[in-house]
Amino acid sequence: MTQPPNAAHHFDLAYAEEDMGRTATAFTHTASTDRQGLVVAGKCPRCHGQTSTEYRHGAPGTGTKGLRSWLAGKQPEPDPVEDAGQLLQETHFCECGHPHPNLPQDAPFIGCGASWRIEVLNRGEAG
Ligand SMILES: [Zn+2]
Ligand SMILES: [Zn+2]
């Protein structure tokens, strides 16, 4: 499946919990501003909105899934390459921030409901 890289954000796309599988869309990871986590950013493969998800280092009860063992402080100074490897195993959810039509009240993320896994993860510019 090929998509034009500059596809516009589909604001009218109705919310649906759709698993997009692995996406070839390139994502970047950067350290969060407070250095307490990582931010994975890119374009949602479903609605094409800009989405970014923050993965915290060992913050309990924040609702982040996966990465828990690594975030729990097994590795106080995680190797960025290893981080990237972990993030490739993660399921990412659309957090484009646009309340798509039919967005459930209890939706875990404000977005189109898509989930996917990343295939291409580049190290972003340090913020
Ligand atoms: Zn989306
Ligand atoms: Zn969207």
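# A tour of the predicted model

Buried residues account for 28% of the 127 residues in the protein chain. The average pLDDT of the protein chain is 81, and 72% of the residues score at least 70.

**Stop 1: the whole chain**

Show the protein chain as a cartoon. There are two helices and five strands. Read from the N terminus, the elements come in the order β-β-β-α-α-β-β. Now colour by pLDDT. Strand β4 has the highest confidence, with a mean of 94, while helix α1 (residues 68–74) has the lowest, with a mean of 50. Then select residues 59–66: the pLDDT there is below 50, and the stretch has four contacts in the model beyond near neighbours in sequence.

**Stop 2**

Select the five strands. They form an open sheet with mixed pairing, in the order β3-β2-β1-β5-β4. Which strands stand at the edges? They are β3 and β4; each has a single partner strand, so one side of each lacks a neighbour in the sheet. As background, strands of a sheet pair through backbone hydrogen bonds, either parallel or antiparallel.

**Stop 3: β1 and its two partners**

Select β1 (residues 19–31) together with β2 (37–43). The two run antiparallel and are joined by four bridges. Two pairs can be picked out here: A31 stands opposite L38 in β2, and T28 has A41 of β2 as its bridge partner. β1 and β2 form a hairpin with five residues between them, and R35 in the turn has a positive phi of about 65°.

Find R22, which stands opposite R117 in β5.

**Stop 4**

Select β2 and β3 (50–56). These strands run antiparallel, with seven bridges between them. V39 has E54 in β3 as its bridge partner. The two strands form a hairpin with six residues between them. Is H48 buried or exposed? H48 is buried, because 22 other C-beta atoms lie within 10 Å, against a cut-off of 20 or more.

Show the side chains of β3. T51, T53 and Y55 are on the covered face, and Q50, S52, E54 and R56 are on the uncovered one. In a regular strand the side chains alternate between the two faces of the sheet.

**Stop 5: the nonpolar cores**

Select Y15, C44, C47, F93, C94, C96, C112, A114 and W116. These nine residues make up the largest nonpolar core. Another core, of six residues, lies apart from it; F27, L38, Y55 and I118 are among them. In soluble globular proteins, nonpolar side chains tend to be buried together.

Leaving aside residues up to four places away in sequence, C96 touches H9, C44, C47, G49, Q50, T51, G111 and C112.

**Stop 6: A114**

A114, another member of the largest nonpolar core, is found in the loop between β4 and β5. A114 counts as buried because 25 other C-beta atoms are within 10 Å. Which residues does A114 touch, not counting residues up to four places away in sequence? They are E18, M20, C44, P45, R46, C47 and C94. To see one of these across the sequence, draw a distance between the C-alpha atoms of A114 and P45: the separation is 8.0 Å, although the residues are 69 apart along the chain.

**Stop 7: N102**

Phi of N102 is near 70°, a positive value in a residue other than glycine. N102 counts as exposed, because it has 12 C-beta neighbours inside 10 Å and the cut-off for exposed is 12 or fewer.

Technical notes:
Residues numbered from 1 in each chain as written. Chains lettered and ligands numbered in written order. Predicted model: local features only at pLDDT ≥ 70, side-chain atom pairs only at ≥ 80, totals over all residues. Core = buried A, V, L, I, M, F, W, Y, C linked by C-beta atoms within 7 Å. Contact = placed C-beta atoms within 7 Å. pLDDT = per-residue confidence, 0-100. Pairing = 2+ DSSP bridges.
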